Amino acid sequence: MAFMDDHFMLDGSSAEKLYDLIKDLPIYDYHCHLDPREIYEDKPFGNIVDLWLGGDHYKWRLMRANGISEDKITGDASNEEKFRAWAETVGKAFGNPLFHFSHLELKNIFGVEEHLNESNWQDMYERLNNIIKDKELSPRKLITNSNVDFIGTTDSPLDNLEWHEKIAQDETFKTIVAPTFRPDAAFVHHVNFSQFVQDLSSLEDIEVNSYSDFVSGLERRIQYFAERGCKASDLSLDAITYQSATEDELNHILSKRMSEEQLTMEEITQWQTELLKSLCGLYKQYGFVTQIHFGAQRNNSTIYYKQVGADSGFDSIGDQVGLAQGMSLLIDSLQQDNKLPKMIWYNLNPSYNTIVANTIANFQANDEQQRNLLQFGSAWWFADHKRGMLDQMKTLAEQGMLANFVGMLTDSRSFLSYSRHDYFRRLLSTLLGKWMDKGEIPENYEFVGQIAKDIAFYNAKDFFEK
C-alpha cells in the first residue's frame, strides 16, 4: 500500500465503502481560532510559511523536540530557513499526528502526495509557493474549496464583532462565520480579570460594584453576541471543581480581586462555580451550546514564556483530584435550577475519557427530547491523533450513543486544518467498517452509512442550529 494513496487510513473494503458515503459531505467546523478579519479581507497568501507555520504552536513544539533553534521557529530567520527546519522535522515524525495531518494537507490542498523531508525541502518550497501564487490561495478560497458550511470562531465577550457583521453582509461568500462567546477573563484567577471588569463597565456604561452587576454586564454582551448570530460559548478551565457561595461571599471576592488582594483557592473555586452556573443559565436562555475544555497546564517553561509568550507550545496535559464529583455536582446543580444548556465536554487528559462519558450519561434526560443534550467532545489537542480519536469514539459508544456524536472540529488557527475532518472521517469509517467485518454490527451500508453521515456532519448541524 502506497503512502497517502486513496486507501490511506482505511482498513478494508467496508471502511472504503463507508468513506465513499461521507468523504464529500460539507464541514461543520463549530470550534476554531481563525481570525474573522482575515476571512473578511481575504488577502492572498504570499508564502507557504505564512500559510502553514504561522501561529501553529503544534508545529513549533515538534520542531523544538528536533533541536531546531528558536530563531527558525518563532524568530527572525528567513521563510526559507523556517521551511527547511519544518521539512527536516516533519519528514521523520512517524507516529506523530502532525506527520499525517501535514501530508494530508499537502495532498488535499496542493495535490502533492510526496513525502516531505530534508532531501526535497527546497523543491517543495518552490512548488508550494508557485501553487499558492498560481491559484491565488486566500482564506475564503481555502474555506470554499474545503466545502465548509459553518465556522465558529473564538471571541472575547468585549469584541464588537465588526468583522463577523461584514462577512454576514457579503452575499458572495456562502459559508456562515459565527462568533463564539469566550469569557475566560471573567474568572477571577485570570491574569486580565481586573482589566476585563473595567473594560466591561466602560463598554456597557455600567458600574460593577457587585457580582450581580457583573453578571448583568455579561448578559448584555451575551445578548449582543446572540443578535449577531452566535450559536455557542466556549471556556477553558484548569479543573472542574464545585463549591457554592452566597451573594455576599461573591461580592467580597470581587472586591478583593479588584483591590489586587490575594485570593484563596476556596474563593477561586467559589467564583468559578457560581459564575459557571450563572453563565450556563444565560446560555440556555439565549440558545448557546456550552463548550467546556478543561485540563490544560499552561506556560510551563518560565524562560520561554517570557521570551515568546502564551500559546507558543509550552502547555501540557494536567491532572486533578475529584473530577467525577466536581462534574456531577456542577451539572446536577444546573439541572435542578433549570439552567442546564446543551453542552460539549472536552477533557485534555485521555485517562478521564470514561469518567467524562460516564458522568454526562447521568444527565441526558430532558423534556425537549434532545438527543445527547450533553456531548462527550472529540479528542482534544494532545489527544487529537489516531489512537486518541478512536479511543474517544469507542468510549462514547461504550458509555452512551456514538450515533448521536457531533463529530470533529479543527480547534485550529490554520486555514489548512480542514484536512483533519477528512482524517477523522477516515478513522470513523474504519471503526465502523471493522465492526461490520467482525459481525459486531449489521453489514447494512444504508443504515450504518446514515449513522456515519450524521456523525460526520448532520448531528453537529442539528445540535447547533435547532
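Start at the second largest pocket. By class, its lining has 8 nonpolar, 6 polar and 10 charged residues. Here Ala, Val, Leu, Ile, Met, Phe, Trp, Tyr, Cys and Pro count as nonpolar, Asp, Glu, Lys and Arg as charged, and the others, Gly among them, as polar. A pocket is found on a 1 Å grid over the protein atoms alone: it is an open set of points with protein on both sides within 12 Å along at least five of seven lines, and lining residues have an atom within 4 Å of a point.

Before going further, know your model. It is predicted: local features need pLDDT of at least 70, side-chain atom pairs count only at pLDDT 80 or more, and totals for chains, interfaces and linings use all residues. Residues are numbered from 1 along each chain as its sequence is written, and side-chain values use heavy atoms, with hydrogens and water left out.

**Stop 1: the second largest pocket**

The volume of this pocket is about 540 Å³. A volume is the space filled by probe spheres set on the grid points, which are joined across faces, edges and corners. Select Tyr-19, Lys-23, Asp-24, Asn-108 and Asp-422: of the 24 lining residues, these are the closest to the centre. Now colour the helices α1 (13-22), α6 (97-110), α8 (139-145) and α18 (419-437), which each supply at least two residues of the lining. Helices are DSSP runs of H or I with at least four residues, strands are runs of E with at least two, and both are numbered from the N terminus. Which helix gives the most to this lining? It is α18, with 5 residues.

Next, pick Gly-12, in the segment before α1. Gly-12 is partly exposed, with a relative accessible area of 28%. Buried means under 20% relative accessible area, exposed over 50%, and partly exposed in between, with a 1.4 Å probe and protein chains only. The C-alpha atoms of Gly-12 and Gly-433 are separated by 7.4 Å, though the two residues are 421 apart along the chain.

**Stop 2: the largest pocket**

The largest pocket holds about 1200 Å³ of space. Its lining has 38 residues; select Arg-182, Asp-184, His-190, Ser-236 and Arg-298, which lie nearest its centre. The elements giving two or more residues to this lining are α4 (57-65), β5 (232-237) and β7 (296-297). Sorted by class, the lining has 12 nonpolar, 15 polar and 11 charged residues.

**Stop 3: the cavities**

A cavity is a set of grid points where a 1.4 Å probe fits but cannot get out. There are 4 cavities of 30 Å³ or more. About 60 Å³ of space lies in the largest cavity. To see its lining, select Gly-55, Asp-56, His-57, Tyr-58, Asp-411, Ser-412, Arg-413, Ser-414 and Arg-420. That lining divides into 1 nonpolar, 4 polar and 4 charged residues.

Keep Tyr-58 and Arg-420 on screen. The charged end of Arg-420 sits over the ring of Tyr-58, 5.1 Å from its centre. This label applies if NZ of Lys or CZ of Arg is within 6 Å of the ring centre and within 35 degrees of the ring normal.

The second largest cavity has a volume of about 50 Å³. Its lining includes Tyr-58, Trp-380, Trp-381 and Asp-411. The lining residues divide into 6 nonpolar, 2 polar and 2 charged.

**Stop 4: the aromatic rings**

The whole structure has 28 aromatic pairs. Rings of Phe, Tyr and Trp (its six-membered ring) pair if their centres lie within 6.5 Å; planes under 30 degrees apart count as stacked, over 60 as edge-to-face and the rest as tilted. Select Phe-181 and Tyr-283. This pair is edge-to-face, at 6.2 Å centre to centre with 75° between the planes. Phe-181 lies in strand β4 (residues 180-181) and Tyr-283 in helix α13 (residues 265-286), so the pair ties together parts that are 102 residues apart in sequence. Are these two residues buried or exposed? Both Phe-181 and Tyr-283 are buried.

Move to Phe-457 and Tyr-458, also an edge-to-face pair, 5.0 Å centre to centre and 75° between the planes. Phe-457 is buried, at 5% relative accessible area, whereas Tyr-458 is partly exposed, at 34%.
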